[in-house]
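Trainee: I am new to this structure. Can we go through it together?

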Amino acid sequence: MIHITEVTTKAQLRQFVNFPIDLYRDVPQYIPGTYSDDLADWDREKNPAFSYCEARCWLASRDDGTLVGRIGAILSRKSNDKWGTHRLRFTQVDFIDDREVSAALFQTVEDWARQLGCTEVHGPLGFTDMDREGMLVEGFDRTSCFFTYYNHPYYIDHLTALGYGKDVDWTENLISVPTDQRVIQRWEKIAAYVLKRQRLHIHQVRSRLEYPPLIRKVFELVNVAYAPLYGTVELSDDQIRKYAGKFAPLIRPELTCFVMDENDDLVAFGVAAPSIAAALKKHDGRLFPTGWADVLKAFHRNDTIDLLLIAVRPDLQKKGVNAVIISKVMHGCFKIGVKQAETGPMLETNEKVQTQWQDFPLEQHKRRRCFVKVLTPAPQESAAAATAPVGAAE
């Protein structure tokens, strides 16, 4: 028999965060997120999203207490208001290959959704678009990134059997960094032309003290540039401070570009960082007490980078500004010996970001999906509706 227990204590929350680490212990492709951040997600004092979200999470176990699954659920009132929906998000779901386990987990989420008056359940999604999202449906043989989910292929069959179907997909590319200086010089000429034509310039960062205010401007631009994208909501000031604090330590000047206009306002940016996947894998996502040492090593000796964020102000999109960012980051990759770059998830419908990599040797090596299910009334609700006298609801 499967028992579902709501997470209400710190000890249970640690079990919740540890479950995928244990489940994928012998899977080399699995990379955990940062352990402290995964704990903080569910802390109402540390996660500003609770100002407009309700969230719960549960553990699944057998009679002997063995954990066999986990799932979270988020009601984002801000998202439902923006998109005109009545949806509940499922998040951070993992389970063994047992249909009874997955059915019990999703039944729990769907029951809560009905109690809240929701008509659909979709996910996996986080509190915001900055969190991990999308279930892996292609690329199970490829190493994950610390900011994306990894899951077994059987998850897809379980969700399909439970009535979930595709809502939207994200794709991810592995890009070979050019080593021919003629290619790099050609991109530099294109970038110089765009900067002159649009009256823009690259902001040269002189010290790490300049990063905090710049990163704040980055997320203010994210609010504008990402607004039309699936599931996004505007980040609050508290959330901007939170994500700025998370991203600032990842910045390496050679792999980052800030494009400013004549008034020194940020109009575009690109942030990349050396991959820290191996370091997080080694330490189960824990940075302390010794994980930071390997993360720092990864920052200084690495042939792979993660392309974390890129955005251009809407009025400057399709005007070549992306070339400025790509040229700057490409030059940095060449300088420090980076051989390949991995994109984060890109919406398959986002033509602007999909086409910006078309001039590079690349491989679309992963695909992830947001699933959705339209809820039917619970059996007791259906029975009550069938037996209610005419006019009873008026």
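What follows is a short exchange on strand pairing and salt bridges.

Mentor: This is a predicted model, where local features need pLDDT of at least 70, side-chain atom pairs count only at pLDDT 80 or more, and totals for chains, interfaces and linings use all residues. Residues are numbered from 1 along each chain as its sequence is written, and side-chain values use heavy atoms, with hydrogens and water left out.

Trainee: Which residue in β14 stands opposite Leu 174?

Mentor: Strands are DSSP runs of E, at least two residues, and helices are runs of H or I, at least four, all numbered from the N terminus. Two strands pair if DSSP finds at least two bridges between them. β7 (residues 165–176) and β14 (residues 362–374) pair in the antiparallel sense over ten bridges. Opposite Leu 174 stands Glu 363.

Trainee: Over how many bridges do β7 and β12 pair?

Mentor: Strand β12 covers residues 340–343. Ile 175 faces Ala 341 there. The pairing is antiparallel, and the count is three bridges.

Trainee: How far apart in sequence are the parts that Asp 98 and Arg 62 tie together?

Mentor: A salt bridge puts a side-chain nitrogen of Lys or Arg within 4 Å of a carboxyl oxygen of Asp or Glu. Asp 98 and Arg 62 meet in one at 3.1 Å, N to O. Asp 98 lies in the loop between β4 and α4, and Arg 62 in the loop between β2 and β3, so the parts tied together are apart by 36 residues.

Trainee: Are Glu 110 and Lys 373 buried or exposed?

Mentor: These two form a salt bridge, with closest N and O atoms 3.3 Å apart. Glu 110 is in helix α4 and Lys 373 in strand β14, 263 residues apart. Buried means under 20% relative accessible area, exposed over 50%, partly exposed in between (1.4 Å probe, protein chains only). Both Glu 110 and Lys 373 are buried.
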